[in-house]
Each structure stands twice: as C-alpha cells, then as structure tokens.
Amino acid sequence: MANHTTGTAHHLRHPTRAGLAAIAATLLVATSVTALAVTGTATPASAAGLSPFDIPGRGATVPFVEQEAEKAAHNGTKIGPDRRYGTLPSEASGREAVTLDSVGEYVEFTLTAPANAVTFRHSLPDSPAGTGRDATIDLRANGTLLKSVPVTSRYGWYYGGYPFNNNPGDTNPHHFYDETRAMFGSTYPAGTKVRLQVSSTAQSPTFTIDLADFELVGGPIDKPAGALDVVTDFGADPSGATDSTAKFQTAVDAGKAQGRVVWTATVTFAATSQRYLRLTVTGNSGWPAGQLSELEVYSS
C-alpha cells in the first residue's frame with residue numbers, strides 16, 4: 001500500500017483514476033448532504049418505520065392480508081413511533097401500535113378479502129412475579145360477538161442481559177409481543193368490520209395490538225392410508241387433560257422405524273415434559289392443522 005501514498009509523481013501517472021476518485025468523493029459528499037436533509041426532520045428514536053406490506057411488490061407471496069392496528073379504526077391510544085430499546089413501540093411493526101386500557105376500547109379492521117381466521121400480534125403487561133398473565137379479548141364481526149379469545153404474556157417479557165432472566169426487577173425488558181390465532185366459525189366477505197375489543201381489565205390493565213393477519217384457511221386433510229394414529233394406536237389423550245408427551249414420542253419413534261406417517265386429528269394435546277421433537281410434517285398449509293404450544297418443529 002505504500003506506493004499509493006508516496007507523493008505527487010505516482011498520481012500524475014494516473015490522471016484518469018485521480019479524476020474519477022475526485023468525482024466519487026464529490027458524489028459521496030452530495031449523497032451525505034441529501035441523506036441529512038431527508039432525515040433531519042425527526043430524531044432516530046422517533047422516526048417511523050414501514051411495514052413490509054406498505055411497499056407493493058416487496059417480500060414473499062403469502063396467503064394472508066396484514067393490517068396495522070394504528071392504521072385501523074380505534075378508540076385506544078396510538079403509541080410510537082419510538083425506536084428506543086425497552087419500549088413497546090420499538091418492537092412493533094412500523095414502530096407503532098395501539099394500546100387499549102379501558103372496557104369498550106377496540107381496534108377495528110375492515111376486511112379487504114374474504115377471511116375465516118385471524119392471527120393478531122399483541123402484548124400484555126408482565127405480572128409482578130415475572131410469570132406473565134392470562135386474559136381474554138373479544139373478537140367481533142360487524143358488532144356481533146364471535147368469541148372471547150385467550151391472550152397471554154407468559155411467553156414474553158425477558159430481562160437483563162443474555163441469556164436473560166424472568167426477574168421484573170432487572171434491567172432491559174424486551175420481547176414484549178406474542179401472537180394469537182382464532183377461527184371465525186364462518187367465512188366473512190370483504191368489507192366486514194372485525195373488532196378486537198376489551199371486555200374487562202380485571203385480568204390485564206392493558207392490551208396492546210400491533211397488527212392483524214386475515215386469512216381464508218382450508219379445512220384439515222383426511223387421515224392418510226396406512227398412517228399411525230397417535231390416539232387410536234398409541235393412546236394419546238385428545239382432550240388435553242393429561243400429558244401425552246411419552247405417547248407422542250412413542251408414535252414418532254414407531255413412524256420413524258417403520259417409515260410411516262404419524263397422524264393426529266384436530267384435537268388438543270398436552271405435552272409438558274418434552275419441548276423438542278424432530279418431525280417431518282405432512283398436512284395442509286393452513287395453520288389449524290398444526291397449532292403448537294411450547295413445541296418447536298423442525299422440518300427434515
């Protein structure tokens with residue numbers, strides 16, 4: 001590198017390169033000035049973000065339509081934009097969300113396509129002990145109550161530095177949001193008003209809604225011929241009243257050994273003592289075929 005800094009004589013042998021370098025430097029300066037002019041109206045902490053869905057043509061083709069809560073009709077409190085670590089808006093899509101803190105407050109989305117299901121991203125406050133809290137929020141369509149949907153903060157709210165802890169007295173709270181899914185029970189057309197509304201603040205003083213994804217989900221597939229059934233063949237409890245971890249594992253082991261599909265119908269299972277299973281999942285692409293809690297699935 002020394003020959004590039006030895007003096008004028010070396011550079012005179014490359015006048016074109018020197019001219020290009022001068023032009024490039026000028027362009028860089030001009031670009032920097034332009035960037036400052038664009039972002040000078042807001043501090044970095046308060047600059048709004050964009051949802052990927054705000055930009056047509058960007059991202060993968062997905063089967064759902066996403067809507068931001070802060071852009072929907074609501075009578076709650078819009079929070080953000082705020083990028084500061086440890087704040088609710090900083091982890092929200094677009095750095096903005098809506099907080100509901102009174103009975104009757106809501107976020108109301110208008111369907112732009114037929115849908116029979118919703119996945120919404122939400123945050124509830126942690127409990128004083130750091131164990132989270134459970135609550136419900138009403139799901140309504142055109143003013144009619146469809147169901148009270150369970151929501152929780154049990155799986156959010158980390159504190160401290162890595163590997164993090166569950167002590168609310170520690171610093172740096174983060175990981176505020178979770179997602180909840182619900183079927184409507186029927187298909188609603190475009191134009192339907194779908195509302196998430198607070199019916200009680202006894203279980204949670206606030207409900208923060210970030211966004212909602214609306215989807216037309218297909219039904220579950222039929223049982224494949226020759227499949228091993230975790231209920232009829234292995235005795236797993238379809239009610240979820242007892243822990244079926246061991247029976248699930250036995251079914252998975254048998255399927256692997258025999259090269260056969262392991263089948264489970266649309267039921268609820270409790271599996272508390274084992275968190276990781278390596279599975280090949282075959283089924284419809286709609287999420288009702290595999291709603292899992294405290295279980296990570298890796299496709300082979």
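Trainee: Which residue in E8 is the bridge partner of Thr-136?

Mentor: Good place to start, and keep in mind that this model is predicted. In E8, the residue paired with Thr-136 is Pro-150.

Trainee: Which strands stand at the edges of the open sheet, and why is one side of each left without a neighbour?

Mentor: Let's follow the order of the five strands, E2-E5-E10-E7-E8, with antiparallel pairing. Strand E2 (73-74) and strand E8 (144-152) each have a single partner strand, so one side of each has no neighbour in the sheet. The edge strands are therefore E2 and E8.

Trainee: Now Glu-68, please. Is Glu-68 buried or exposed, and what is the nearest side chain of opposite charge?

Mentor: Happy to look at that one! Glu-68 sits in strand E1, which covers residues 64-68. Glu-68 is buried and yet has no salt bridge. A salt bridge needs the charged atoms within 4 Å, whereas the nearest side chain of opposite charge is 6.3 Å away, and that is Lys-71.

Trainee: Which side chain does a polar contact join to that of Glu-68?

Mentor: Although Glu-68 lacks a salt bridge, its side chain does take part in a polar contact. The distance is 2.7 Å, and the partner is Ser-93.

Trainee: What share of the contacts comes from residues 24 or more positions apart?

Mentor: For background, the protein has three helices and 15 strands, and 34% of its 300 residues are buried. Counting contacts with a separation of 6 or more, the share from residues 24 or more positions apart is 70%.

Definitions and conventions: Residues are numbered from 1 along each chain as its sequence is written. This is a predicted model: local features need pLDDT of at least 70, side-chain atom pairs count only at pLDDT 80 or more; totals for chains, interfaces and linings use all residues. Side-chain values use heavy atoms; hydrogens and water are left out. Helices (H or I, at least four residues) and strands (E, at least two) are DSSP runs, numbered from the N terminus. Buried means under 20% relative accessible area, exposed over 50%, partly exposed in between (1.4 Å probe, protein chains only). Contact means heavy atoms within 4.5 Å. Lys and Arg count as positive and Asp and Glu as negative; His and the chain ends are not counted. A polar contact is a pair of N or O atoms within 3.5 Å; within protein, one must be able to donate a hydrogen and the other to accept it, and residues adjacent in sequence count only if both atoms are side-chain atoms. Two strands pair if DSSP finds at least two bridges between them.
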